[in-house]
Amino acid sequence: MSCAMPFSASQAWPSIRPPLYHSPVIRDSLKVAPAIPKSAVNEGESVDLQCTTTRGFTEHTFLSVTWSIRKGSSPLEEILTFGPDDKIKVGDNYTQRYTDGGLLLDLPGGGFYGLVLRNAKPSDQGGYVCTAQEWVRQGEEGRNWRKILEKSKEMGKVVVTPTDVFEKRNKSNAIEKEEEHPKAIMPDYTNQPDH
């Protein structure tokens with residue numbers, strides 16, 4: 001004797017739902033704290049652009065940091081991007097300077113990202129922006145990148161004094177100091193008759 005109940009096509013199987021899988025929700029914890037230690041430099045000096053980024057969720061996410069400049073009312077111009085795959089992408093107008101060693105990355109860790117513009121030029125004058133982006137891998141074998149968060153912060157303006165202006169300023173300062181403190185005039189006794 002069988003205890004099985006006959007099943008007819010008009011009866012439906014009880015619904016069996018597969019377990020629900022939720023991808024983790026990544027809250028917006030990305031923070032950017034930019035700094036320019038010295039906002040006025042002379043031509044030939046270095047400009048340090050510091051950008052510290054922090055985030056609350058680091059598992060399976062990657063960061064990139066981009067430094068850009070705005071000259072006058074023109075749109076932002078990308079200088080350099082580091083990441084998300086630890087690669088460097090240099091802006092079109094900065095390729096030669098990077099090749100010549102004029103752009104240096106400073107990556108000591110702990111969320112600190114630094115870019116040094118060596119031998120500042122008057123064309124380096126402008127407003128700087130630091131942009132941090134958070135990425136995840138997706139697609140087959142994680143080959144594709146998808147940006148999930150982005151924060152940009154104005155770093156401030158940098159003024160570059162051209163060398164000729166700097167030299168003129170130094171000369172005029174030296175003249176002013178000389179006028180403030182005139183040199184004592186000593187009498188010349190070398191050609192005096194003997195008494």
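Six strands make up an open sheet, running in the order 2-10-9-4-5-6, and the pairing is mixed. At the edges sit strand 2, residues 40-42, and strand 6, residues 88-90, each pairing on one side only. On average, neighbouring strands in this sheet are turned by 30° against each other, ignoring direction. And just so everyone keeps it in mind, this is a predicted model.

Strand 5, that's residues 77-82, pairs with strand 6 in the antiparallel sense, over 3 bridges. If you want a pair to click on, take Phe82: its bridge partner in strand 6 is Ile88.

So what's going on in the loop between strand 5 and strand 6? Two residues there are worth a look: Pro84 and Asp86. The peptide bond from Gly83 to Pro84 is cis, with omega near 5°. Then Asp86, which is not a glycine, has a positive phi of about 65°. You'll remember the background here: most peptide bonds are trans, and most residues other than glycine have a negative phi.

Is Asp86 buried or exposed? Exposed, with a relative accessible area of 60%; the cut-off for calling a residue exposed is over 50%.

You'll find Asn119 in the loop between strand 8, residues 112-117, and strand 9, residues 126-138.

How values were computed
Residues are numbered from 1 along each chain as its sequence is written. This is a predicted model: local features need pLDDT of at least 70, side-chain atom pairs count only at pLDDT 80 or more; totals for chains, interfaces and linings use all residues. Side-chain values use heavy atoms; hydrogens and water are left out. Two strands pair if DSSP finds at least two bridges between them. Helices (H or I, at least four residues) and strands (E, at least two) are DSSP runs, numbered from the N terminus. Axes are lines fitted to C-alpha atoms, for helices over the stretch in contact, and angles run from 0 to 180 degrees between N-to-C directions. Buried means under 20% relative accessible area, exposed over 50%, partly exposed in between (1.4 Å probe, protein chains only).
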